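Open the structure in your viewer and keep the selection tool at hand. The stops below say what to select and what is there.

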Amino acid sequence: MIGDIFPAEDGLFEETFSTDNTYRVHGLNITIHQDYSANLGVAASVWDSALHLCQFFESMSLDLSGMRIIELGGGTGLVGIVAARLGAHVTITDLPFAISQIEMNIAVNTPLSGWPSDAPTVSALSWGLDHSRFSSSWDFVLGADIVYLPETFPLLLDTLVHLCRDGAVVYLASTMRREHGAQDFYDSVLPQMFNVELVQRDPENNVNIYKATLR
């Protein structure tokens with residue numbers, strides 16, 4: 001069932017290989033292992049929107065220390081790892097096939113002195129199917145480049161509503177690909193239940209960041 005909702009992209013990463021890249025964010029060097037394979041598909045990559053979201057928090061001088069954060073569609077885990085390195089209590093979620101990559105990257109980025117609050121936890125989450133087993137007590141819900149399959153938009157909306165029942169603020173960063181319906185999600189789908197604000201637009205890279213709060 002999950003494979004039907006989140007289909008693999010045919011021809012994506014037909015040849016299996018891996019890379020390790022280091023990203024400088026918030027004064028931190030974050031090393032991310034990326035397994036490019038048909039099994040991981042789009043979850044294998046650090047997408048531009050993930051870096052934009054991390055840089056947005058840095059530009060806003062947002063203090064994440066002690067904050068309760070859940071990341072949706074974590075992929076490589078970059079956003080959640082950065083938040084945890086900055087002192088947040090973080091849960092990183094994705095579909096089951098991506099969990100091992102996230103766990104590997106958490107291990108690689110564990111500070112010698114230990115995590116400021118605690119290490120990120122990792123959990124499988126299928127939008128609209130098992131979100132109710134997760135708490136609604138979050139400060140922030142984060143997602144980077146998770147808006148690209150229109151058939152999943154209702155599932156994502158249901159998941160966000162549940163996670164935000166206690167007042168969480170949502171920040172979503174998206175590459176605004178017309179063929180993926182991202183603009184429609186932010187203009188028509190998300191506003192059904194949320195107040196939505198465009199907080200950053202990067203026309204050069206076609207990346208937008210949106211803030212949303214439950215109505």
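**The whole protein**

Start with the surface of this predicted model. The protein exposes about 9,800 Å², and carbon and sulfur atoms supply 48% of that area. Now switch to a cartoon view, where the secondary structure comes to six helices and nine strands. Of the 215 residues in the protein, 52% are buried. Among contacts with a separation of 6 or more, 67% are between residues 24 or more positions apart.

**A hairpin**

Select residues 194-202, which are strand 8, and residues 207-214, which are strand 9. The two strands run antiparallel, and eight bridges join them. Show the side chains of Glu197 and Lys211: Glu197 stands opposite Lys211, which is in strand 9. Then go to the turn of the hairpin, where four residues lie between strand 8 and strand 9. Select Asn206, which takes a positive phi near 60°.

**A cavity**

How many cavities of 30 Å³ or more does a search of the whole structure find? There is one. The largest cavity holds about 40 Å³ of space. To find the place, select His26, Cys54, Phe57, Leu64, Val79, Val82, Ala83 and Leu142, which line the largest cavity. Helix 2 (48-59) and helix 3 (78-85) are the elements that each give two or more residues to this lining. Helix 3 gives the most, with three residues.

Last, colour the lining of the largest cavity by class: seven residues are nonpolar, one is polar and none is charged.

Terms used:
Residues numbered from 1 in each chain as written. Predicted model: local features only at pLDDT ≥ 70, side-chain atom pairs only at ≥ 80, totals over all residues. Heavy atoms only, no water. Pairing = 2+ DSSP bridges. 1 Å grid on protein atoms, 1.4 Å probe; cavity = no way out; pocket = protein on both sides within 12 Å on 5 of 7 lines; lining within 4 Å. Points joined across faces, edges and corners; volume = space filled by probe spheres on them. Nonpolar A, V, L, I, M, F, W, Y, C, P; charged D, E, K, R; others polar. Buried < 20%, exposed > 50% of the residue type's maximum accessible area, 1.4 Å probe, protein only. Contact = heavy atoms within 4.5 Å. Areas by Shrake-Rupley, 256 points an atom, 1.4 Å probe, with all protein chains shown as cover.
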